[in-house]
Amino acid sequence: MDPVTIYITGTAGAGKTTLTTAWKSWMGDQGYAVTTVNLDPGMEDPNFEPDVDVREWVKLEDVMAAAKLGPNGAQIAASDMVGVNLPAIRDALEPLRSDYILVDTPGQVELFAFREASRTIVEELSGDRSMIAFLFDPMLARVPSGFVSLLLLSATVQFRFGLPIMNVLSKDDLLTEEERERVARWSSDRDSLYESLSALPPRGDALPSAELFRALEILEPVWDVLPTSAREERGFPDLYRAVQIAFFGGEDLDKDAGQPSEKL
Ligand SMILES: Nc1nc2c(ncn2[C@@H]2O[C@H](COP(=O)(O)OP(=O)(O)OP(=O)(O)O)[C@@H](O)[C@H]2O)c(=O)[nH]1
Ligand SMILES: [Mg+2]
């Protein structure tokens, strides 16, 4: 059976790389063979040691020098060049015999979500069981306008790829207890999100909250946002469950992996 491949994406600095590492470690503790892939040609995190690293074939600094491009132009050129190197990346992945593949995507979400090459990458690199984990940066998610913006962005990413998606609140250790509860309420109770949004003062030409909310309800995004802290190693059983539900209807949920252990 093909491995389950999870593409981890979200706004710059949302915690993608840290979550990839911590999730791998948790899954490894549950006895799964997990492979991590770095798809970011500009990745500079010395603590991240992916099993397969796109920088072996495409490096941002090389693209900048060769094409005489600034960092932004080079990011775009480099992410397209990743598509050209897909056969080599696939060859590197194949012998690793993974149950799960966690793919860390480029820093800026638009480089992954809005480049045609990314759709090819997802199609060519992973089998039938691929999904997206979209990270909600806690600093944005803790205010109603930020939370709604992230829901819209997550719906856009889902629309672009047509894959199952889970929303993940990252770094929730940075939130106060009250903020954590508020985000949990918004994620489970639409009326409470609507109330918080309606309480905001109107802003210039911005769409009134009621209209925006109606649009959101029509879009029907995934509303659930699963709280995690990679730093405190919390939230991974819920991520695991979301993956199982997406691909197996939750039926072959590994009983031990879904249970809280002392570490969690
Ligand atoms: N408190 C806390 N900080 C975290 C957590 N996860 C990541 N961070 C910090 O957040 C910052 C960004 O984390 P990264 O994992 O590099 O985020 P990223 O989304 O991969 O960043 P880019 O690839 O540069 O867009 C770093 O300083 C991390 O140490 C967490 O769970 N808790
Ligand atoms: Mg990163």
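Modeller: Val109 belongs to helix H5, which covers residues 109–113. The model is a predicted one, and what follows describes that prediction. Is Val109 buried or exposed? Val109 has 21 other C-beta atoms within 10 Å, and a residue with 20 or more is classed as buried, so Val109 is buried. If residues up to four places away in sequence are left aside, Val109 touches Thr9, Gly10, Thr11 and Leu153.

Lys68 is located in the loop between helix H2 (60–67) and helix H3 (71–84). Although Lys68 is not a glycine, its phi is positive, at about 50 degrees. Lys68 has 9 C-beta neighbours inside 10 Å; a count of 12 or fewer makes a residue exposed, and Lys68 is therefore exposed. Arg97 sits in the loop between helix H4 (86–93) and strand S4 (100–104). Arg97 is not a glycine either, and its phi is positive at about 45 degrees. With 9 C-beta neighbours inside 10 Å, Arg97 is exposed.

Strand S6, residues 165–169, may be considered next. Five of its five residues are buried, so that the strand is mostly covered. In a regular strand, side chains alternate between the two faces of the sheet. In S6, Ile165, Asn167 and Leu169 point one way, while Met166 and Val168 point the other way, and all of them are buried. S6 is joined to strand S5 (residues 130–136) by five bridges, and the two strands run parallel. Within this pairing, Leu135 stands opposite Val168 of S6. Three bridges join S6 to strand S7 (residues 225–227), again in a parallel arrangement. There, Leu169 has Pro227 of S7 as its bridge partner.

The model also holds ligand 1, which is surrounded by 16 residues, the closest being Lys16, Thr17, Thr18, Gly107 and Arg231. The shell around ligand 1 consists of four nonpolar, seven polar and five charged residues.

The whole protein can now be described. It has 13 helices and seven strands. Its radius of gyration is 19 Å, close to the 18 Å that the globule rule gives for 264 residues, and it is therefore as compact as a globular protein of that length. Along the principal axes, the C-alpha atoms fill a box of roughly 50 × 50 × 30 Å. Of the 264 residues, 41% count as buried. Among contacts between residues at least 6 apart in sequence, 72% join residues at least 24 apart.

Finally, confidence should be considered. The mean pLDDT of the protein is 89, and 93% of its residues reach 70 or more. Confidence is highest in S7, at 98, and lowest in helix H13 (residues 255–258), where the mean is 50. Over residues 258–264 the pLDDT is below 50, and this stretch has nine contacts in the model beyond near neighbours in sequence. Where pLDDT is low, the predicted coordinates should not be read in detail.

Notes: Residues numbered from 1 in each chain as written. Chains lettered and ligands numbered in written order. Predicted model: local features only at pLDDT ≥ 70, side-chain atom pairs only at ≥ 80, totals over all residues. Helix = DSSP H or I, 4+ residues; strand = E, 2+ residues; numbered from the N terminus. Pairing = 2+ DSSP bridges. Near = placed C-beta within 6 Å. Nonpolar A, V, L, I, M, F, W, Y, C, P; charged D, E, K, R; others polar. pLDDT = per-residue confidence, 0-100. Contact = placed C-beta atoms within 7 Å. Rg over C-alpha atoms; globule rule 2.2 N^0.38 Å.
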